[in-house]
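Open your viewer and keep the selection tool at hand. We will go from stop to stop, with something to pick out at each one.

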Amino acid sequence: MSALLKTVNLERTFGAVTAATDINVELNTGEVVGVIGSNGAGKTTFINMVTGYIQPSGGDILVRGKSIIGKSPRDVSLAGVGRSFQVPQLFQELTVLENMLIAFGFSVDRKLSFLKPLRSKEKVEKALSVLREYEIEQYAEEVVSTLPQGVRKLLDIAMAMLAEPGLMLLDEPTSGVAIEDKFLLMDTVMAAVRKSDAATMFVEHDMEVVLRYADRVLAFYDGRVLADGPTQTVLSDAKVQELVVGHHLDLSENEASTSKESAHVRT
Amino acid sequence: MKTRSLALLFVLGLVVIAGGLLLPQWMSYLFTIAMGKGLVVLGLVLLMRAGLVSFGQGLYYCVGAYVAGMLTQFVGVTDILVIMLASVAVSVAIAAIIGLLLCRYREIFFAMFSMAFSMILYGLLVRNQFLGSTDGFNVANPSLLGWTPGAEASSDLVLIVAVCLVIVLGAVAWRYLKSLSGYAGEAVRENEIRLEYLGGSVFRVVYVKYIIAAALAAIGGTITALVSGHVDPEMAYWTTSGEFVFIALMGGTAHVAAPIVAAVLFEALRTYAFAVSPYTWQMILGFALLAIILFMPSGLWSLVERFQNKKARKTS
Amino acid sequence: MKRPLLTAATVACAMTTGAMSLNVYANEEYKLGLVTFLSGAASGPFGIPAKNAADLVIDAINDGTLPAPIEGKGIDGRMITPVYVDEAGGATKQTSEFRNLVERDGVDAVVGYISSGDCLAIPAVAEELKMLTVLFDCGTPRVFEEADYEYVFRTHSTASMDNIGAARYVHENVPDLESVAGINQNYSWGHDSWRDFTETLKVLRGGDLEITTEQFPKLFAGQYGAEISALQVNSADVIHTSFWGGDTDAFVLQAAARGLLADNQVIFTAGETALNSLGDHLPDGAIIGARGPFGPFAPESELNTWFQTEFTERFGTPPTFPAYHMAHALIGLKLAQDKAGVGASTEEVITAFEGLEFDGPGGRVEMSRGKGHQAATEMVYGRLKRVDGEITFTDITRYPADCVNPPEGAETVEWIKAGMPGAECN
Amino acid sequence: MKQLLAILVDGSVYASWLFIISAGLTLIYGVMRILNMSHGSFYALGAYSGAAMVGWYFSTGSVPWFSFVALIAAALVAGISVGLLVERGLLRFMYGRDEVVMILVTYGVLLIMEDAIKLIWGVEPYFAYQPYTLLGRTKFAGLSFANYDFMLIGVSILIGLALWYGLNRTRNGKLLRVVIHDREIASALGINVARIFTITFLIGAGIGSLAGALTAPGLSVVPGMGIEVIVLAFAVVVIGGLGSITGALVGALIVGMARAAAVHLYPDVELFVIYAVMGLVLAFRPQGLFAVANARKI
């Protein structure tokens, strides 16, 4: 069986700038991968290419063995790749519930009904239950633009997850979220993600978060994949620490352990 | 929709028709024209809810009117229902072609490009001697299922048909706006990227709405042609389309009834301005437009909503 | 959904019923709806001169000061109260304004319409509302060719007359005429004018006519640089133009500055309105028309002298053809009313109006076409000639009505193509 | 050959006129994101005030050559003062609204200005032909052209150069370009965006008014003249790319040449040329020829 996601010599240039080059990554069902790298290292470019938002200048992307080169975001998401966004992409002037209902209609029902009301009892029930799962049910009737970033991030992810994608890409799920809420958010998200057997890839700047949730890490530097391997291995790599993390990371306390309680960063 | 709502709607229709017929003729004429324009604006509002403002609805308004005119005058078909269907069919066909190109554009480009298409029709009609060039031609009186009401009653017939259409299409549009397809418009306006990533086709959503708007505009044009008895290329000129945008803005996009009510008020305002001040009626319209934009950014319908909210607070 | 609808309906009703309060009605007056362009590009050259003429003539009718043979104060004793409406906005708006005039303002008659589109749209409504309507300036021959109307009259000739006359004039007065070129506005007026002119000329010359270029710039384009070059490149013996208003002015200025008018023979079928302002730019020999025997071509009469003097005194410029058209419409209407007698019904006035012959400031008007509803008048062309700086005309040719108007019942284009049978030119 | 020459000259003259009428429009859009429908009214305002001034000037019997100064000064004063009134009195309360709403706002301004002009100057035509005839004409290859038209080409080049210099070589121009590029960053940098907006609108209105004044000598100034130029100017600006001065220049050249060619070769299609060009350009470059596509952050 072919890998869930496989990229072959993926490359993207913007004019004279090379944003990504020589990217060869393989991903399989059930994996949770953290993507790290400083700004401009090529993380978001990578995600954007895999989800069809930008087209690579060279190389190939295979989802379940099929190339998605030239496909639109819509076709890519129909192929089972979901994503969330660094800046949540929501229907700002609609309520949380309406956002969910629209997402339901497009990604689950997949039927553009003309006269059936969107707010049928049964559908509202379903939407609310998903919101409950993400612990944002109390905001159901609020207009999105009035809500705090954390709620928006969760809604953004919840909407993407509705289609039960085989591969879920989270672009900085915790950016803009208050430090004390980061773990709460990630716990909620990961709980929802783990319910399906989707592979998950998340871009993250906070090494604590990476340590706690990722089984495997991809470290980007200067448009290339600097390191790819189990979380511990990659994060203890000297080069990664120097070029990507930017400081020395002390992993001693959670060696060989996935215990999430005591990770901390020395600056 | 509940039976009670349907019954109420039916009664409302009867009342409006009766009222329309009892009005002095010049007012019922204006009212009929307003119904026609209201339908055009209803289509425009569907587009506006998707964030697209067409400055070219005059294209389909004019197509509808000319189809009506040509059928009655040159083919001899006068049945109002046949005419309506033909107008809608022709304009939907045109919209289906133009839409393929136009629906890729957004914002000001959509506005300008749609205007360009309607100006092309204007140019074609002006060049066409057979269709009377800028003078246009007269439209014969319509009939209904074999009943020919004659010159005087035919405007009553158009009025009745117009009101029925407005009520039926309004109710359908209301249902439509509450459906997924309706909300898809808001989704496009708010965030196309999200919609695409949800697996929805933004193009298809916009395309369908564009075609619906074209059909509504054609019906509006047909009503206008049949009641005024004359068509000319002015209907495709950009100022006509601008007027529709004016009415849409005046009413707001909050409710399907807003464009209809706004069309009635607009016709009243315009005819007042004409009568009160034949030299400076444009200025009056200009000030009215600015006042609405300044003080009622969501259109006149926001007044209704404010009123409702107050009432709701009192009763609760 | 219901409640907002009802609220809105209430507001709408409140607004519209207010319109009823505009109803003012008095018995002693003759309410006259007057529709001309009060805004837009046609207001300066046509609308306002016509309105001025209406003000002048209505005052004179009310005071009874019109020169003989027109007598009596007011229309069968009733004083005329004009109700002005702007003709701007297209035929749909105008049909609606027409209804307002008839039903809201309760006018006794309507005089108006410069735009041919309006003249085609209004008659059907006039018939429906049984309102006596006099079209005063529009040119399209289609009005009475395509339909018969009972309540509608037009007291001046069609634009076809201008161009049939123009063709006859150049045929007779331009030696060695081989080729023509045309520059006309890209709308009905321009297309019809050019068609009538060239078709007539073809008939007169037995089909031998070279057309070097036919230009149709957009109405109100204002910039004719490229067209003027094209006319220079494709030089013709006569250049025909039916431009009017601001477009004539712009064309004259630009063509004069580039020598086109001096090097070429140009015929302006509606050029009279430009004489007062731009006469200096027109070279001697330019052929000018006034859409009838108007302005400098008006026959001498007491009425014309009165009209010219009073108009010039009151408004500062001499009257141009739209002013004459308006005067004729008003005088025709008054004479028909007077002839029908005091207290006559509209139908009796119509009978009196049908086939009426009368003399206006612009000469004889015979309501001899369109079953007595459409006028035929003579047509005049002349060449401009400066005498001591004053503009005068030479080679003035007057074509009798039956020479340049198709006979009763004939369709203009067919009549021309058939060789203008029955035209009497002497 | 003669025809080709005529097409080139006519095309250049028409293009320079198009550029003058659309430069102000595109500048205002570029900086303020307002597609100014009332641009045509400023054009009419300039034509009226210029023509009225020239008429008065000649009635005083002064030296004819200074009539050019009178023409231009009157138009600039009128355009800039009314521009100030419109911007300070109305537009500044509307900033931040949707672009389409701004179209309607300026449409309202257009309606008001049309009637206001009528109230001030009436509907009688105004003439200012003296400057037009003063310059005489040039004959070559059997064709003759008005020197005033050649002067128009010169003026449009001057206006283009002045805008280019102002935007690229002056401090204020650089600030302006920052605003064009990113309004948020501009205000974050402490640039007084409100003031930039006022200045831009005044320049735009001034150029529009100047365009009217420069056109006035070749025609009669009549009501409704402003409405006619809006559609033309829009088309030119859309072809060139909204907000781009270079675009307006290239758009004007393309439309000017295409129209001149049509008039000489296929007069029948003259009416459609401009839309055909627009359609062609937009089909291949939806943003217009010179506009920069703005990327969206996700």
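Start with chain A and select its open sheet of four strands, which runs in the order β2-β1-β4-β5 with antiparallel pairing. Strands here are DSSP runs of E with at least two residues, helices are runs of H or I with at least four, and both are numbered from the N terminus. Two strands pair if DSSP finds at least two bridges between them. At the edges of the sheet in chain A you will find β2 (17–27) and β5 (66–67); each has a single partner strand, so one side of each is left without a neighbour in the sheet.

Now highlight β1 (residues 5–14) and β4 (residues 58–63) of chain A, which pair in the antiparallel sense over five bridges. Zoom in on A:V8 and look across to β4(A), where A:D60 stands opposite.

A word on what you are viewing: this is a predicted model, in which local features need pLDDT of at least 70 and side-chain atom pairs count only at pLDDT 80 or more, while totals for chains, interfaces and linings use all residues. Residues are numbered from 1 along each chain as its sequence is written, with chains lettered from A and ligands numbered from 1 in the order in which they are written.

Next, colour chain B by pLDDT, the predictor's confidence in each residue, from 0 to 100. Its mean is 85, and 96% of the residues of chain B reach 70 or more. Which helix of chain B has the lowest confidence, and which the highest? The lowest is α13(B), at a mean of 68, and the highest is α9(B), at 92.

UniProt positions follow the numbering used here, feature names are shortened, and annotations may be inferred rather than shown by experiment. The span 59–75 of chain B is 100% helix and 0% strand, with its end C-alpha atoms 22 Å apart.

Finish in chain D, where the UniProt "transmembrane region" annotation (unreviewed entry) includes residues 12–30 and 141–167. Residues 12–30 of chain D are 100% helix and 0% strand, with end C-alpha atoms 25 Å apart. Residues 141–167 of chain D are 78% helix and 15% strand, and the end C-alpha atoms there are 40 Å apart.
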